[in-house]
Amino acid sequence: MSKKLYIKTFGCQMNEYDSTKIVDLLRATQSMDQIDNPDGADMILFNTCSIREKAQEKVFHDLGRVRALKKMNPDLLIGVGGCVASQEGENIIQRAPYVDIVFGPQTLHRLPQLIEARKISGKPQVDISFPEIEKFDYLPESLAYSDRRKGNVSAFVSIMEGCSKYCSFCVVPYTRGEEVSRPLREVLMEVVSLADQGIKEITLLGQNVNAYSGAIESEEEESMADLALLLAYINEVPGIERIRYTTSHPREFTQRLVDAHKKVNKLVNHVHLPVQSGSDRVLAAMKRGYTVLEYKSIIRNLRSVCPDMSFTSDFIIGFPGETEADFNATMKLIEEIGFDDSFSFIYSQRPGTPAADLPDDIPHKIKQERLLKVQEKIKYQASIACKNMVGTIQRILVEGSSRKNPKELCGRTDNNRMVYFSGDLNKTGHFVDVKITTASSKLLRGEIVQSIVEPSSFIEHNFCH
Ligand code: SAH
Ligand code: F3S
């Protein structure tokens, strides 16, 4: 009989991707099937995030809750992975001695060995090392069905791991290690395998995907592929009809990548490009490595090749020393660029980062007020962008039935907006043209005007040339 695995994922898309890999691995090696509830599980895993204090607190709160399950079933294995594991290591065992396994983002492929060692030794196992990109060599082939979120039409593919930017506020370089890219061939093989399984949309994933530098195997000499070249290759993979990437960083946004938005016809017209702040003073203190003017010039460049491109960003509100003038500069930038979505958070002091030594001097109430202003502004801009889409025809990749109303279908536009419409469930995994009829702040509704037979009619549509 198969064993049952419950896995809870915290935080970012990188973690979501890693969790699908863990599920594949434990299915292949331990005959474990994923379940949606910790009750009755043989193994409970928390894939954790430590980017902000709140994310970290949640993990220990959740661990406390599963402790009772372990009392009822002493054979239950409890594991903690991800960035909290990477940062805390042995401390987790000290704080929660009922935890059996602690593994990091770069050692998740060693889970079978760690489980074995735990059983043989009877002692908790900790492995949070950074063996360079070995992880992908030990993971089973990607399975489209492990990506449960999007009705098996869309999948993530990690192209690089870690981050070498060392922004002064961020734990990622310490918890996930330095930037390492997967070889070009390996990434392409994964994309081809996903396409063979019916995946239509690929999101290339990494902390800074535009730092991608993947080895090209050749007999003569070793050369490297950048993101622009990788995109060009993926564009040729039959079956893949849409390509996204996230997250990109303003520091390595090359002209070649800008040009890719013109040449690579399956690439969407949406870029998530975190700016964090609209003040040069704050950007310098954050060690982001660009100015507001440089950021704006990337946007201008992209708009020159793709005028209706939509932009989203991350913002940190209340970084130490952020004055009212600095904050107003952020608000001004939000308006100038017209961002229509964001991940915006109050600055969280992270132990071990350089910014942790700066006085966290802004009263919490002010930070909250500023955050609210940013979020309301972006919400307003999103609602305008949505209203402007009413009457247009958008090409939607159907992801399946809507969670709230199973009679309704849902899917995303090229610029990553969810649209709801009625239609037959057998359209899942296919493209349809939908006329947008109504829009509220983030929610779009429409009606199908045409079903698309891929891929022949797709190529010339909806891209900016
Ligand atoms: N590679 C991305 C960032 C990934 S981390 C980049 O280009 O910036 C995801 C987001 O978490 C960051 O963009 C930042 O907005 C937020 N974040 C990171 N550290 C934080 C901290 N200490 N406090 C608040 N937000 C933080
Ligand atoms: Fe963090 Fe900056 Fe890298 S935000 S992930 S150190 S680009």
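Ala, Val, Leu, Ile, Met, Phe, Trp, Tyr, Cys and Pro count as nonpolar here, Asp, Glu, Lys and Arg as charged, and the others, Gly among them, as polar. Keep that in mind for the first stop. The model on screen is a predicted one.

**Stop 1**

**Stop 2: Tyr17**

Is Tyr17 buried or exposed? Its relative accessible area is 3%, so Tyr17 is buried. Tyr17 and Ser158 are 141 residues apart along the chain, yet 7.6 Å separates their C-alpha atoms.

**Stop 3: helices α8 and α9**

Select residues 227–235 for α8 and residues 255–263 for α9. The two axes come within 8 Å and cross at roughly 25 degrees. Angles under 35 degrees count as roughly parallel, which means that α8 is roughly parallel to α9. On the α8 side, show Leu227, Ala228, Leu229 and Leu231; on the α9 side, show Arg256, Leu257 and Ala260. Together these make the contact. Its residues comprise six nonpolar, no polar and one charged.

**Stop 4: helices α11 and α12**

Move on to α11, residues 292–305, and α12, residues 324–337. Here the axes come within 12 Å, and the crossing angle is roughly 10 degrees. α11 is therefore roughly parallel to α12. To view the contact, show Val292, Tyr295, Lys296, Ile299 and Arg303 in α11, which meet Leu333, Glu336 and Ile337 in α12. What classes do the residues of this contact fall into? They divide into five nonpolar, no polar and three charged.

**Stop 5: Cys386 and Cys410**

Finish by selecting Cys386 and Cys410. How many disulfides does a search of the whole structure find? It finds zero. For Cys386, the nearest cysteine sulfur is that of Cys410, 15 Å away. A disulfide requires the two sulfur atoms to be within 2.5 Å, so the sulfur of Cys410 is too far from that of Cys386 for a bond. Cys386 is buried, with a relative accessible area of 0%. Cys410 is buried as well, and its value is 8%.

How values were computed: Residues numbered from 1 in each chain as written. Chains lettered and ligands numbered in written order. Predicted model: local features only at pLDDT ≥ 70, side-chain atom pairs only at ≥ 80, totals over all residues. Heavy atoms only, no water. Axes fitted to C-alpha atoms, helices over the stretch in contact; angles between N-to-C directions. Helix = DSSP H or I, 4+ residues; strand = E, 2+ residues; numbered from the N terminus. Parallel < 35°, antiparallel > 145°, perpendicular 65-115°, else oblique. Contact = heavy atoms within 4.5 Å. Buried < 20%, exposed > 50% of the residue type's maximum accessible area, 1.4 Å probe, protein only.
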